[in-house]
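Q: Please take a close look at the part where the chains of this model meet, and describe it for a reader new to the structure.

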Number of protein chains: 2
Amino acid sequence: MDLEKYMEGHRARVDGALACLLPSSTKEPHKLHEAMRYSVFSGGKRFRPILALATCEAMEGECDNVLPLACAVEMIHAYSLIHDDLPAMDNDVLRRGQPTCHVAFGEALAILAGDALLAEAFRVLTDASLYPHAKPETLLRVAWDVALASGPLGMAGGQTADVQSTGQEVSLPLLEYIHVHKTGELIRATVLGAAKLSGAAPSQLEALSIYGKLMGLAFQIADDVLDVVGEPSLLGKEVLSDQRKGKLTYPLLLGIEESRGRAVDLVEQGIQSIHFLGPKAQRLRELARYIVDRQW
Amino acid sequence: MDLEKYMEGHRARVDGALACLLPSSTKEPHKLHEAMRYSVFSGGKRFRPILALATCEAMEGECDNVLPLACAVEMIHAYSLIHDDLPAMDNDVLRRGQPTCHVAFGEALAILAGDALLAEAFRVLTDASLYPHAKPETLLRVAWDVALASGPLGMAGGQTADVQSTGQEVSLPLLEYIHVHKTGELIRATVLGAAKLSGAAPSQLEALSIYGKLMGLAFQIADDVLDVVGEPSLLGKEVLSDQRKGKLTYPLLLGIEESRGRAVDLVEQGIQSIHFLGPKAQRLRELARYIVDRQW
């Protein structure tokens, strides 16, 4: 099966699980649940969940064992996009070609939908009944990794540095700090969590942790590059939107070609780090290459 | 020891633990950690943490076993106040006599500080090393209870209904829905979590769950009443601030005397529900009465 079809299949599986896990829009308060679902089901790539499922396959695990983790991480990703788009942050009105959550539902509801998605992610992460084959101590550790990656020393810290750096002077260490914390840590926690829930051995965990970290950074650099050279109809937003906002990006700092080269290097390093996992990790390699080959 | 001194002692203990658990302001990004600490250490009553510690004492447990839970719940409380105060929500500029977080740090940082506190709460809830005497399955269940109480079917749902009801017609079931979800569920989860971490038996858990639920509702009614009759210097805000904002409150619906009577009834019911716990639950009874006797 080619990679696109493989991703499509996993995407459908994740979407089905998300639809079951999120509160129904028929429940009170309707508008909150609608806003949550609006943002979660707005055409996301599901890159993080697919990475979780591919990690599970590389460990020869059962996908069902990591599906709730995959959904929880996607909820956290959706929450972060809603809050990043707010007028007080990036003030974006379009996301994936659709009005952003605060444009569609108002600012108060957008803040609350983000908050609710973050809390809901931890409800899904800590619900032992969703992981019948996991040891409670493993599940706790996975939830802890995700919490650490989402909080002030992870995603919230990265987003703070991003907001504060807008319009500031460019420095490579700061840019790397932002990308690693804003995007990288959660991707690493996703891969690591999926591996733990699939019974990975310590040496495998170490390799996958390196792979996850490198994928996170490569993913964000590729995103920066696409903001400059991407096709608006595929991106669902205008090109150069980051640059117009005075955002610190890799292309701004290193130029497009060097940025692209850097992402390719990181991807190759990531692939190297899981070399010893053999053929069963083939999808993880393909997904790594996809990061730098994708058009959206 | 009188109740005030008892509360003071526990408050100091909780503050010490919070200071250790929250990321240091010397770490990057400084401003985020400053904003988190600013809001957490702004003179909160620490009612939820004290209730957790008193529950532990009623179960003859060791306070250290519930202290991280007590802190996590206080972080969630602080996050909810920061987001509730935002311009898009209640647009409050003063809280406990001090500028609200967004006034002191700007809106973007206030949103992020709230987000970070919520994630940090789950980091503290799922860190097994902080609860050396708890079984992992107990800890998972406690974290799950808190997540449920904080999310769309708990606090975030209650706050949504609150925001949506502002300026709308008054109805008692809606008001009760708001209070139970916005405040009650988290207080219940706090008491229940503390009881579980202290090895409570099923019959004790059931009684404490009822007690927690009733305390949550009584607490919020008392808050509504204080908004009308309280002393501004003790409240740290203007009186009638809810009413001016067109908020649905108990005094607006039932009048002050009937609201107060209702809170007293709930408190007495709560005390009844834990009658069989005997003298060791004395502080829980005193704290219940304190809810309706307090001036702030």
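A: In the contact between the chains, 44 residues of chain A touch 44 residues of chain B, two residues being in contact if their C-beta atoms, placed from the backbone, lie within 7 Å. The model is a predicted one, in which local features need pLDDT of at least 70 and side-chain atom pairs count only at pLDDT 80 or more, while totals for chains, interfaces and linings use all residues. Residues are numbered from 1 along each chain as its sequence is written, and chains are lettered from A and ligands numbered from 1 in the order in which they are written.

On the side of chain A that touches chain B, two or more residues each come from helix 2 (30–40), helix 6 (107–125), helix 7 (136–150) and helix 8 (155–165) of chain A. Helices (H or I, at least four residues) and strands (E, at least two) are DSSP runs, numbered from the N terminus. Helix 6 of chain A gives the largest share of this side, 12 residues. By class, the side of chain A that touches chain B comprises 28 nonpolar, nine polar and seven charged residues. Here Ala, Val, Leu, Ile, Met, Phe, Trp, Tyr, Cys and Pro count as nonpolar, Asp, Glu, Lys and Arg as charged, and the others, Gly among them, as polar.

The largest nonpolar core has 204 residues, and those with the most contacts inside it are Ala113(A), Ala143(A), Ala218(A), Ala113(B), Ala143(B) and Ala218(B). Such a core is a set of buried Ala, Val, Leu, Ile, Met, Phe, Trp, Tyr and Cys residues joined through C-beta atoms within 7 Å. A residue is buried if 20 or more other C-beta atoms lie within 10 Å of its own, exposed if 12 or fewer, and partly exposed in between, with C-beta atoms placed from the backbone. Leaving aside residues up to four places away in sequence, Ala113(A) touches Leu32(A), Ala35(A), Met36(A), Ser39(A), Ile82(A), Cys101(A) and Phe105(A).

The loop between helix 1 (3–21) and helix 2 of chain A holds Pro29(A). The peptide bond that leads from Glu28(A) to Pro29(A) is cis, with omega near -15°. In chain B, a cis peptide bond joins Glu28(B) and Pro29(B), with omega about -15°. Arg46(B), in the loop between helix 2 and helix 3 (47–58) of chain B, has a positive phi of about 60° although it is not a glycine. Arg46(B) counts as buried because it has 24 C-beta neighbours inside 10 Å.
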